[in-house]
Amino acid sequence: MKSTYIDSRRIRSETCLQTYYVVSIIAMDGFQEEYRELLRRIERNGEKVIYEKAFGNLAFENIFIQARATYGHEQPKYPYSYVEGGALEEESVAGIVLYTIRDDEHDSVEYMTSDGIPIASIYHVEGVRRAFITEEKKIYEALCEAAWVDMEALIRVIEQKGITIDNLVRAWVYLEDIDADYEDFNKMRRDLFLEWGIDYTEKSAVLPASTCIGGKNAYKPIMIQTYFVQRGEGVRIERMYNPMQNEADGMSYIYQPTFSRGMRIEHNGLREVQISGTASIGKSGITMHKGNAYEQIKQTLLNVGSLLAGADMGFEHIVASTCFFRDASDALLLDRALDELGIKAFPTIKVRAKVCREDLCFEIDGIACAAVREPKGGALG
């Protein structure tokens, strides 16, 4: 019996092959060897890992770290994160997302470290420079201090590589105590955006997409990850609006969270949508279907579908996602909702986690990608 289920989605363009691997853990017995074999296969294919994100109980982080060591005990050079997003049925690793590229024109991926630990990948997709930056793995107890440590690491990386702050298109934030700290974090983010010159009003074209969810890590009360795409000629980066939801613009909205519902990136025949954390929140900004987990899940799916439709995309274009359930027993309702709405299953990891409001049962975030024109000379193999 297999210990893992791997859903891989490939996006081929003129010179680049991008692959998202969404690994669901079925059983811990045999997981390590199966996962190592996946990493070896990726290496044999000439793919370079950009990032690796794992969700699971913190007690199993060392098992995941051991599984990353494909040969002997040496750890890979690419950045990884491990967040406590509990598995649904038992104490274990819930799942892993791996994002890789193979670029025929820009062969190099540059990995950056802090104290010898990988924190960033600098790479190109169809000639456009991108960066993924994850957290500093250092112990800090205070929320504010920990957040600024990650932000300072971010600034250090982008300054060295000539990437400007207005290239920020997406953030992922995991708070150990989201019930207590969400409002304080949002104030810090607003202050930071003001310092950086990022407009967070409703009409702002540069307001990044974001997820903020409950999740512990082994080092500090917050983990921040960021994604940059360098703007330039022929690169279309725009904020997306969802006609079914209000804007979380940092002004009048509850908690003043300052993020866009999604960001659309398009260049050289590639289209990508970064889907912010989405829940059962409507046009008025209030929680819909309080106390009814099934209706909340269904409403959330409708909201995501509405956002994707704005980019002429659908659930079939989702290449990676995370479904967050406040109560693990509600996970069974997702398949029922997908069936009722006629949505085919998409790559996702299902985890137990607290959402930003106590009356929300469910949240989903993700990435959708598509090649919107055929690559010249045929698809990459």
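**Chat about a predicted model**

Colleague: Quick one on Asp7. Is Asp7 buried or exposed?

Modeller: Asp7 is buried, because its relative accessible area is 13% and the cut-off for buried is under 20%. Keep in mind that this is a predicted model.

Colleague: Which residue forms a salt bridge with Asp7?

Modeller: That is Arg9. The closest N and O atoms of Asp7 and Arg9 are 2.8 Å apart.

Colleague: And Arg9, how does it count?

Modeller: Arg9 counts as partly exposed, with 24% relative accessibility.

Colleague: Why can side chains pair like that?

Modeller: Side chains of opposite charge can pair when their charged atoms come close.

Colleague: How many salt bridges are there in the whole structure?

Modeller: A search finds 24 of them.

Colleague: Show me another. Which side chain meets Glu110 in a salt bridge?

Modeller: The side chain of Lys161 does, at 2.6 Å from N to O. Glu110 sits in strand 6, residues 110–114, while Lys161 sits in the loop between helix 3 (143–160) and strand 9 (168–175). The pair therefore ties together parts that are 51 residues apart in sequence.

Colleague: Is Lys161 buried or exposed?

Modeller: Lys161 is buried, at 17% relative accessible area.

Colleague: What about Lys187 and Asp191, what do their side chains meet in?

Modeller: They meet in a salt bridge, 3.0 Å from N to O. Both residues are in helix 4, which covers residues 178–196. Lys187 and Asp191 are 4 residues apart, so about one helical turn separates them. Lys187 counts as partly exposed, with 46% relative accessibility. Asp191 counts as partly exposed too, with 38%.

Colleague: Which residues are linked in a network of salt bridges?

Modeller: Glu33, Arg36, Glu37, Arg40 and Arg44 are linked that way.

Colleague: Let's stay with helix 4. Which of its residues are buried?

Modeller: Among them are Ile178, Tyr182, Phe185, Leu192, Phe193 and Trp196.

Colleague: What do the buried residues of helix 4 pack against?

Modeller: They pack against helix 3 and strands 9, 10 and 11. Strand 10 runs over 209–214 and strand 11 over 222–229.

Colleague: What comes just after helix 4?

Modeller: Gly197 does, and it takes a positive phi of about 80 degrees.

Colleague: Which residue has a positive phi of about 55 degrees although it is not a glycine?

Modeller: That is Asp115. Asp115 is in the loop between strand 6 and strand 7 (117–125). Asp115 counts as exposed, at 66% relative accessibility.

Colleague: And Glu126, what is its phi?

Modeller: Phi of Glu126 is near 50 degrees, a positive value. Glu126 lies in the loop between strand 7 and strand 8 (128–133). Glu126 is buried, with a relative accessible area of 8%.

Colleague: Change of topic: Tyr78. Where does it lie?

Modeller: In the loop between helix 2 (61–68) and strand 4 (80–83). Tyr78 is buried, at 10% relative accessible area.

Colleague: Which residues does Tyr78 touch?

Modeller: Leaving out residues up to four places away in sequence, Tyr78 touches Leu39, Val49, Ile50, Glu52, Arg68, Tyr111 and Pro118.

Colleague: What separation do the C-alpha atoms of Tyr78 and Asp335 have?

Modeller: They are separated by 34 Å. Along the chain, Tyr78 and Asp335 are 257 residues apart.

Colleague: Now zoom out. How many helices and strands are there?

Modeller: The protein chain has 6 helices and 17 strands.

Colleague: What radius of gyration does the chain have?

Modeller: The chain has 19 Å. A compact globule of 381 residues would have a radius near 21 Å, so the value agrees. Along its principal axes, the C-alpha trace spans about 50 × 50 × 45 Å.

Colleague: What share of the residues count as buried?

Modeller: Of the 381 residues, 61% count as buried. The chain exposes about 15,400 Å², and carbon and sulfur atoms supply 49% of that.

Colleague: How many positive and negative side chains are there?

Modeller: There are 44 positive and 59 negative ones. The centres of the two sets lie 3 Å apart.

Colleague: Last one. What share of contacts with a separation of 6 or more come from residues 24 or more positions apart?

Modeller: Those residues account for 77% of such contacts.

Notes: Residues numbered from 1 in each chain as written. Predicted model: local features only at pLDDT ≥ 70, side-chain atom pairs only at ≥ 80, totals over all residues. Heavy atoms only, no water. Helix = DSSP H or I, 4+ residues; strand = E, 2+ residues; numbered from the N terminus. Rg over C-alpha atoms; globule rule 2.2 N^0.38 Å. Buried < 20%, exposed > 50% of the residue type's maximum accessible area, 1.4 Å probe, protein only. Contact = heavy atoms within 4.5 Å. Areas by Shrake-Rupley, 256 points an atom, 1.4 Å probe, with all protein chains shown as cover. Lys, Arg positive; Asp, Glu negative; His and termini not counted. Charge placed at Lys NZ, Arg CZ, Asp CG, Glu CD. Salt bridge = Lys/Arg side-chain N within 4 Å of Asp/Glu carboxyl O.
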